[in-house]
Amino acid sequence: MNQVPLVFLGLVAAVAGSFYGAIFLPHHAVGRAELEYVDDTGAYYPAPRNGLAQQGAEVYRAQGCVECHTQQVRPKTLGSDVARGWGRRRTIAQDYAQDNPVQLGSLRLGPDLTNVGKRQPSSLSNLRHLYNPRLVVKESYMPRYEYLFFKRKLEANEKPSLNALPADTEAGYEVTPKPQALALVAYLQSLSADVPLFSAPLPVAVTNQVKAPSLTQKP
Amino acid sequence: MGDTKHISQSASVVDPDRIDRSCRWPVVLLFTGAMSWLIIGLTMGLFSSIKMHAPGFWAQCEWVSYGRLRPAFMDAVLYGFAAQAALGCSLWMISRLSRVELRLSGIAGIGALALNAGVAFGVLQVLAGQTTGFTWMEIPRQGASIIVGGYALVALSALYTLHKREEKQLYVSVWFLLAGLLVFPWLMSLAYMLAVVEPLRGVMQAVVNAYFVNGMTYLWLTSMAMAVAYYLLPKVTGKPLRSHDSALLCFWTLVVFGGWSGLSLMADGPLPRWLLGVGVGAKWLIIVPAAAFTMDCLYTWFAGKTSANEGVAWPYVLFGSLSFPIFVLLDILSTIGPAPRTLLFTTYSQGILHFAVFGFAGLLFMGAIAHIWERILGGRFPKRLPFIAHLLLSLLGIVLISGSYLLGGVSVGGKLADPSVAFTAASSTMTLFIRSATTGYLALLLGQIILAVALLKSFATNTATIRAEFFQWCCGGRSPGSDKKARARA
């Protein structure tokens, strides 16, 4: 008997079945998620990113930040994410509806960045951290992204330009961010999944708070 | 039904030497490419690991920053090494098991060249920052299309040879090879279609990515490596396979559960719990093919008297096959009960992947390369020493890399589970483990260089004849003259 067609058909059936289970079913469950109108903020969630932040998302992808950083918060009962202040609620499919490519990540060599826009709102400290993470966290092993900055040796008594990073960044040098660095920081500042959703409410509901928490509030 | 039994009965059909010679050039091309990419890839892996404990190392150079080097390393190893090694083994094993000379060997050669060009182009694209941002799919669509095209051409040659076979009985390796040959182009085109070319919305991209990574591990890589194991086991032990039926059980359960378990990689992610449960359940069921395979191996290996342990391949087959159940158990362990709470998102998963790619598939492929290389170039290796050194260094490297990532994952994960421990306090323990992983990469790389040199040397011993035959093959197939000459030499 010629078994090749049999093996072939069996294979196609097995693979088609797994496609159904692992892609079609999830697509059915979450793939059509619509933007949700949130009463508390009076806007649809998630809002699209502004142009600069969208460019920053491209920098994030190109630099492979996803190799070390996730963008997903686990439910409170599964792991310490919420307790660590990486988010006040778990992330659900809706949070990613505007992302392309979705940079979920699977390895946390660095902290989760889902809500880093709320945690680290300052442009300056974000830029300094990108230029040399060890200026901010002494034992950090995050790579230095020096190449996202212009670096020029200062003449004696010359003042660095206004958009330069503070003088203690690199003594004797003027360090100014390239456009990619500014876009990347705009993207980081845009990262936040902190709006109460129907299927992922925020724990603050017990206080009867009506307005959404202000964006500068510490988690 | 073991393959060994048949050879003695019908050796008159086609002389194995002729079959070996018919595969020579495409397979040599593929194996040379495979070893080169393994060395290039491991060099990048070593560099990326060094960068973790010395972040200032080459920090000015954008092309070798960690976030680019790391994916380039994995892609070079997967598409450069594993894909080519698997294809080379398929061409040879299919010709041998079909008892016919390789057909369309020119097309296979072109496919091999295209595959190499695609990997080179793709790795450069990743280093240049054009990555897609999805695990194992970082190579942008242009490079990936060339890779799929090249792979499909080689697969075409293998499938056409199978179509023309003289041996009607399909040995179980052929089943696995069929799966491996077909699943790769299918998975690649599907995943790129749904996540890169016409991306699905939102989190579905991550689901497609998870399906792809899981499928590449359990459907493609595992099938290919098992084909090699089922072929070489009877060869190196001189005994027939214990049971054809349990091998078939292994095959069917693997292709069913191996695909369904895709969602388990999204563990605790932003999906409904029941969906994640389906994936995890399927992953647990992979214990069935793992058990069947392990029983086959152990029984074939240890029951009865082993007649022929000559050749260099047997330790590779032994260690490679026994790595599979370990790999599956480690993978399943990380999904049981509270384990994901600590192990998820740590380097534990990296440890598993390294173990699967280098320990299980890698060792089997390397053993097969050594086994096949001897036969297609017609001459035994003069010395065993390089192979012993290669094996020891590879084992050391694999244990060091996987061990550090696994233990590092357990230790850092345990600290992170306690919210009162600061993130940097937990992650700084990782540095120690990364250092020992670096040593592992170094050992693994050294081992591969030794193997490559040994292979090159045996190639260089009869360069004159080989070169003449190679030109003949390039200029339109095997002329009868070259056959005669080669036979005279043999």
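The model is a predicted one, in which local features need pLDDT of at least 70 and side-chain atom pairs count only at pLDDT 80 or more, while totals for chains, interfaces and linings use all residues. Residues are numbered from 1 along each chain as its sequence is written, chains are lettered from A and ligands numbered from 1 in the order in which they are written, and side-chain values use heavy atoms, without hydrogens and water.

**Asp81(A)**

Centre the view on Asp81(A), in the loop between helix H2 (51-62) and helix H3 (116-119) of chain A; helices (H or I, at least four residues) and strands (E, at least two) are DSSP runs, numbered from the N terminus. Asp81(A) counts as buried because its relative accessibility is 1%, where buried means under 20% relative accessible area, exposed over 50% and partly exposed in between (1.4 Å probe, protein chains only). Display the side chain of Arg74(A) next: Arg74(A) is also buried, and its salt bridge with Asp81(A) spans 3.3 Å, N to O.

**Two further salt bridges in chain A**

Move to Glu146(A), whose salt bridge with Arg144(A) has its closest N and O atoms 2.8 Å apart. Glu146(A) counts as buried, at 10% relative accessibility.

Then select Glu170(A) and Lys151(A), whose side chains meet in a salt bridge of 3.8 Å, N to O. This pair links distant parts of the chain, 19 residues apart: Glu170(A) is in the loop between strand E3 (149-153) and strand E4 (173-177) of chain A, and Lys151(A) is in strand E3. Glu170(A) is partly exposed at 22% relative accessibility, and Lys151(A) is partly exposed at 42%.

**The interface of chains A and B**

Finally, show both chains. The contact (heavy atoms within 4.5 Å) takes 80 residues from chain B and 73 residues from chain A. Select Arg201(B), Phe345(B) and Phe423(B), which supply 12% of the area that chain B buries against chain A, more than any other three residues; buried area is the accessible area (1.4 Å probe) that two parts lose on being put together, summed over both.

Conventions: A salt bridge is a side-chain nitrogen of Lys or Arg within 4 Å of a carboxyl oxygen of Asp or Glu.
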